[in-house]
Amino acid sequence: MTVLLEMNAIQKAFNGVPALAGASVEIERGEVHALIGQNGAGKSTMIKVLTGVYRRDDGQISFNGQDSVLTNPREAQAAGIATIYQELTLVPLRSVTENVMMGYEPKRFGAFIDWSAAHARTREILTRFGIDIDVKMPLGTYSTAIQQLVAIARAVSLDAKLVIMDEPTSSLDTSEVKTLFGVVRSLRDAGVSVLYVSHFLDELFEICDRVTTMRDGKTVGCVKLAETTKLDLIAGMLGRASSDIAAAGMTEFGGGAAKKGEILLEAKDVATGPRLSKFDMSLHRGEIVGLGGLLGAGRTEAARALFGVDALRSGSITLKGAAAPSQPADAISAGLGYLTEDRKAEGIIPDMSVRENLTLALLPRMTKGGQIDRAREREIVQHYIDALDIKTADMEQPIRELSGGNQQKVLLARWLAIEPDILILDEPTRGVDIGAKREIQLIIRDYVDRGYSVVLISSEFEELVEGADRIVVLNEGRCVTELTNPGITEHKLVQALAHTNEAIV
Amino acid sequence: MSMTTSEITGKSMLQVLRGHGGVVALVAILLFNMAFTPNFFQLQTLFVNISQVATIAIVAMGMTLVIATGGIDLSVGAIMALAGALAPLIFLSEFGTAYPVLGVALAIALPLLVALACGLFNGIMVAKLNVQPIIATLILFISGRGVAQVLTNGNLQTFSNPQFSYLGTGKILGLPFQGWLAVAIAVVLYLVISRTTFGRYVLAIGGNERAARLSGGPVARVKIGVYMICGALAGLAGLIVVAINSASDAARNGSLMELDAIAAAVVGGALLQGGRAPIFGAILGAVIIQLVKYTLLANGVEDEVALIAKAGIILVAVYVQQARKE
Amino acid sequence: MLNSDAFDLRKYMQRHPQSVAVWIALLALILFGVLRYDNFGGSYNFGSFLNYNSMFIVIALGMCFVIITGGIDLSVGSVAAFSSVIAAYLSPYGIEVALPLAVLVGMSFGAFNAFCIIALRIPPFIATLATMLGAKGAALVISGASTVAVDWGSNFTNMGMNKALGLFPWSIVLVTVVGIALWIVLEMTSLGRTILAIGGGEDASKLMGLKVNRAKAFVYIISGGCAGLAGVILASGFGAGQPLEGVAWELSAIAAVVVGGTLLTGGLGSIPATVAGALLLGLVFNILNFENGRGTISFSAYWQMVIRGMFLFAVILFQTRMTKGQKSKGASA
């Protein structure tokens with residue numbers, strides 16, 4: 001085999017903060033190469049440097065035997081690099097055909113799009129993926145999984161030499177993942193290289209040849225998957241010896257012995273739409289209930305239903321024996337808090353200060369005759385900055401200037417400050433560095449120990465397994481089973497997810 | 001406590017300075033006038049400029065609040081015409097002439113209520129029906145002035161009513177009444193924005209509406225609130241214009257005011273995507289726009305060229321704002 | 001063509017309820033007018049209606065392109081006024097000189113908008129607002145703030161005053177040609193698809209490797225050119241360059257585009273429906289005039305503005321109802 005791509009000693013900084021500090025990767029022709037690392041390790045930046053979205057500050061890239069000087073995604077495509085980004089980068093309002101063909105439409109007379117040919121070609125490409133849909137409908141009318149596969153179909157159809165897949169399976173179900181792997185293998189057999197970014201480590205062992213691990217903007221190693229173990233990969237990502245992890249456990253949650261109090265929250269047969277059709281759970285005082293499931297299983301929808309964001313189509317939710325709130329403001333006054341998954345879109349108010357962000361949910365309780373009690377506000381904010389060890393210049397610093405972990409702590413403080421009986425946490429440690437992650441886990445544990453309750457959503461199984469007293473497992477919008485600690489293991493959780501149709505005792 | 005307050009004002013003054021260079025621009029214009037414009041530093045000049053600037057500033061402050069939530073209000077000029085048309089109708093009516101004091105009071109109160117109702121309409125369209133602000137306020141932009149003209153049959157209404165005219169010609173401590181009024185409104189709105197929950201929600205909604213809603217913010221109520229304030233301030237400005245002229249012309253009152261107000265707000269540092277409400281900035285913006293107009297006029301440059309200058313100011317102001325963000 | 005690519009009316013109606021509603025409303029209003037008023041369908045009313053509205057149609061066409069990309073162009077009214085003055089000055093050289101040059105002038109205003117929006121990254125609302133003020137000022141300056149008479153000796157006024165086949169004013173013929181050309185661009189070319197894609201997601205379009213900036217520049221230049229053409233029609237039809245005209249035309253154009261079902265947020269839009277929207281708004285006026293003429297009601301000119309606003313209100317209410325069902329999905333997993 002020969003080398004297709006070589007990225008060497010890449011440097012890239014944003015506003016003086018280095019995102020890549022001497023990262024390297026080497027991919028051979030016809031190889032499926034995995035790229036792994038914690039959030040913030042620099043994987044996405046690496047890809048964007050490669051595809052010309054970002055300009056590198058220093059380092060060499062050689063692609064297909066030539067020095068590469070790509071400056072925009074179009075040039076990358078022309079050079080034979082196709083990318084499927086983590087966020088869907090298609091246009092949902094436009095038809096499937098347009099999304100697949102955009103920029104490469106078959107033409108008549110050199111100018112006019114030949115729509116019948118375009119539709120036919122799109123159908124043909126999608127058939128290879130086992131998708132049979134009306135290609136003239138807007139892409140947005142189809143499920144996220146279909147949209148993801150359409151994005152991949154587009155990339156593959158462009159005769160690429162290298163296909164980059166950034167978390168391609170995060171929204172796919174098991175059979176769709178199988179389809180995707182089939183496509184990846186056929187690409188490899190055709191001599192196309194694949195750069196495969198994923199945090200589902202088990203997948204890598206199934207599909208990839210070699211893996212490059214990144215940490216803090218640097219490459220820490222490149223090994224054959226056949227010659228390594230999952231524990232070693234995790235150790236590499238975390239930068240710790242694998243023996244430590246095996247002994248100490250992965251999280252700071254440390255089993256809370258379930259001391260159940262009275263039932264605070266109960267959901268029965270709740271449905272809010274196609275993505276949440278049957279949701280049941282109960283939550284006792286002093287308890288952490290985890291919601292388990294893959295992406296798209298309906299966990300966030302369940303949280304939104306509990307918090308009164310989405311209206312119920314059927315079923316009922318009772319909160320402390322009374323009917324559940326129908327909008328966030330009511331939910332808050334009834335003693336609920338909801339830390340959202342998408343910090344940027346639904347959490348922070350970027351231009352506002354740490355102080356203003358922190359007290360947003362608390363405002364109604366800090367007000368005298370419409371006026372904010374500013375002395376009390378500062379006192380509360382200072383308390384939480386100290387208690388959660390939020391690293392900020394002062395409380396007037398705009399929250400956008402803080403690191404992801406500290407932003408998350410401010411948002412957590414926003415909810416802790418209203419002292420809710422029930423705190424719903426949707427991916428509370430996603431996208432924060434490992435240190436902040438542990439701190440956040442400790443804060444949550446401490447909160448529950450003080451007699452409050454938590455609904456925890458997390459894609460990191462360790463967090464659920466070690467943190468939750470019980471796990472309600474969801475699949476395709478329905479509750480499929482419930483696991484109770486002590487006794488939950490990652491293995492059992494995975495089994496519950498895998499055998500969703502069978503009853504598990 | 002007093003320490004921290006002064007610290008905050010000191011910091012915000014600095015931010016104003018660094019913020020948009022508006023103050024620098026203002027100083028430059030003043031220096032230019034000192035050097036070249038004859039009779040610039042005379043009381044008369046000051047009066048003319050203050051009375052002109054006050055109406056723009058009052059509308060621009062309302063606009064600033066709307067823009068702070070990420071909205072826009074195109075209907076302010078039409079609301080001015082409507083309020084301005086109603087006032088003379090009321091105090092010139094039989095009732096108004098029979099009870100002059102009550103007549104003038106009603107001639108101020110009723111148009112303001114109507115203006116408030118217009119704002120309520122805009123607010124409901126935007127907040128409850130989720131219509132984009134440009135389109136929602138386009139409705140009243142088109143029909144509001146029409147209603148004013150229907151009410152007055154398109155006639156110019158002239159009058160002589162000293163009490164009512166005080167709004168536009170009165171003086172306190174030798175300075176025009178509406179100037180004081182504008183300053184008073186600015187102080188109140190500044191306190192509302194910086195000290196009240198309502199103000200905090202205004203900024204939060206503009207900064208990130210979904211986050212504000214999920215944090216329990218009464219998004220619809222606050223949005224309706226800002227459109228109502230903006231409508232009421234536009235109504236007030238309409239009354240002032242009528243009072244200055246001792247005449248109400250529904251066709252011209254407030255014509256193109258939406259553009260001046262948006263320009264003043266933007267020059268003053270408001271971000272169209274929301275999240276910022278520089279109230280004093282709006283006044284500064286209004287002053288700059290008025291002074292440029294006046295300077296050009298006083299130096300014999302045609303009115304038309306002033307339009308081009310205004311266009312230039314807006315572009316430069318926003319470009320500087322944009323460049324600073326990146 | 002019996003394959004699955006053939007046009008399917010039922011599916012079309014499902015997907016574009018508003019387009020269909022606009023056409024139905026337009027036909028109904030025409031039918032109403034023809035049945036109720038004697039001269040409504042007569043060639044005089046027909047011609048003058050089309051001639052007058054051709055200006056608004058062509059501006060709405062350009063606006064439609066801009067709005068599809070998620071932008072807005074507030075400068076069209078002023079640019080039309082400026083171009084009308086230029087066209088009037090150039091009228092002695094004949095329409096073949098005046099028309100292209102005036103359109104070119106319009107396009108250069110569009111190019112300036114594009115420069116501000118793309119290179120300086122000024123939001124479209126502000127950039128075109130500034131151009132609106134600037135073009136208005138410039139129009140007043142070059143005309144001395146009064147109307148500029150055209151040269152009646154040249155062929156310049158033919159366009160606004162004569163008719164093809166004795167029935168269709170040349171202005172509407174020209175605008176129809178422009179409309180068809182733009183329609184083809186939007187539906188049949190990569191550029192058109194890029195324009196639609198930008199409105200649907202600008203970042204996604206960039207990552208797909210589409211030439212986003214080029215397409216954005218194109219729409220603003222086209223919008224400017226359309227405004228320029230409207231200015232020529234204005235000067236030709238009224239026999240004078242009109243520096244004071246064009247006030248609030250941009251808002252009429254936006255209203256027409258919205259009535260035609262184009263989403264203001266971009267990504268969806270139709271040229272024929274925009275034309276229908278512009279015609280519908282014009283027709284409401286026309287019918288009110290006839291109603292006044294019958295003497296059954298006496299709506300002053302002022303009422304027309306009120307009714308126009310109410311009409312827009314009704315359309316918006318209709319639109320919010322139509323989109324409610326579609327929008328309530330969402331919420332990421």
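User: How many residues sit between E23(A) and E24(A) in their hairpin?

Analyst: In this predicted model, the hairpin formed by E23(A) and E24(A) has 2 residues between its strands, and A:Glu476 in the turn has a positive phi of about 50°. Strand E23 covers residues 470-475 of chain A and strand E24 covers residues 478-484; they run antiparallel and are joined by 6 bridges. Across this pairing, A:Ile471 stands opposite A:Leu483. Helices and strands here are DSSP runs numbered from the N terminus (H or I with at least four residues for helices, E with at least two for strands), and two strands pair if DSSP finds at least two bridges between them.

User: And how are the residues and chains labelled, and which pLDDT limits apply?

Analyst: Residues are numbered from 1 along each chain as its sequence is written, while chains are lettered from A and ligands numbered from 1 in the order in which they are written. As this is a predicted model, local features need a pLDDT of at least 70 and side-chain atom pairs count only at pLDDT 80 or more, whereas totals for chains, interfaces and linings use all residues.

User: What joins E11(A) to E12(A)?

Analyst: They are joined by 6 bridges and run antiparallel, with A:Met214 standing opposite A:Thr219 in E12(A).

User: Which order do the strands of the open sheet follow?

Analyst: The open sheet has 6 strands of chain A in the order E6-E9-E10-E3-E11-E12, with mixed pairing. Its edge strands, each pairing on one side only, are E6 (81-84) and E12. Neighbouring strands are turned by 20° against each other on average, direction ignored.

User: Which strands does helix H1 of chain A lie across?

Analyst: Helix H1 (residues 43-50) of chain A lies across E3 (32-37), E6, E9 (162-166), E10 (193-197) and E11, and it runs at about 150° to E9(A). Helix H5 (residues 144-157) of chain A also packs on the sheet, where it touches E6 and E9, and its direction makes about 180° with that of E6(A). Axes are lines fitted to C-alpha atoms, for helices over the stretch in contact, and angles run from 0 to 180 degrees between N-to-C directions; two residues are in contact if their C-beta atoms, placed from the backbone, lie within 7 Å.

User: Switching to chain C, how many helices and strands are there?

Analyst: Chain C has 14 helices and 4 strands, and 53% of its 333 residues count as buried. In helix H9 (residues 190-200) of chain C, 10 of the 11 residues are buried, so this helix is largely enclosed by the rest of the structure. Among the buried residues of H9(C) are C:Arg193, C:Ile195 and C:Leu196.

User: What do the buried residues of H9(C) pack against?

Analyst: They pack against helix H3 (96-101) and E8 of chain A, together with elements of chain C including helix H3 (43-68) and helix H8 (170-188).

User: How many residues of chain C touch chain B?

Analyst: 35 residues of chain C are in contact with 34 residues of chain B. H6(C) gives the most to this side of chain C, with 12 residues. The side divides into 26 nonpolar, 6 polar and 3 charged residues, where Ala, Val, Leu, Ile, Met, Phe, Trp, Tyr, Cys and Pro count as nonpolar, Asp, Glu, Lys and Arg as charged, and the others, Gly among them, as polar.

User: What pLDDT does chain C average?

Analyst: Chain C averages a pLDDT of 84, and 89% of the residues score at least 70; pLDDT is the predictor's confidence in each residue, from 0 to 100. Over residues 1-5 of chain C, pLDDT stays under 50, and over residues 325-333 it is below 50. Where pLDDT is low, the predicted coordinates should not be read in detail. For the complex, the predictor gives an ipTM of 0.82 and a pTM of 0.80.

Terms used: A residue is buried if 20 or more other C-beta atoms lie within 10 Å of its own, exposed if 12 or fewer, and partly exposed in between; C-beta atoms are placed from the backbone.
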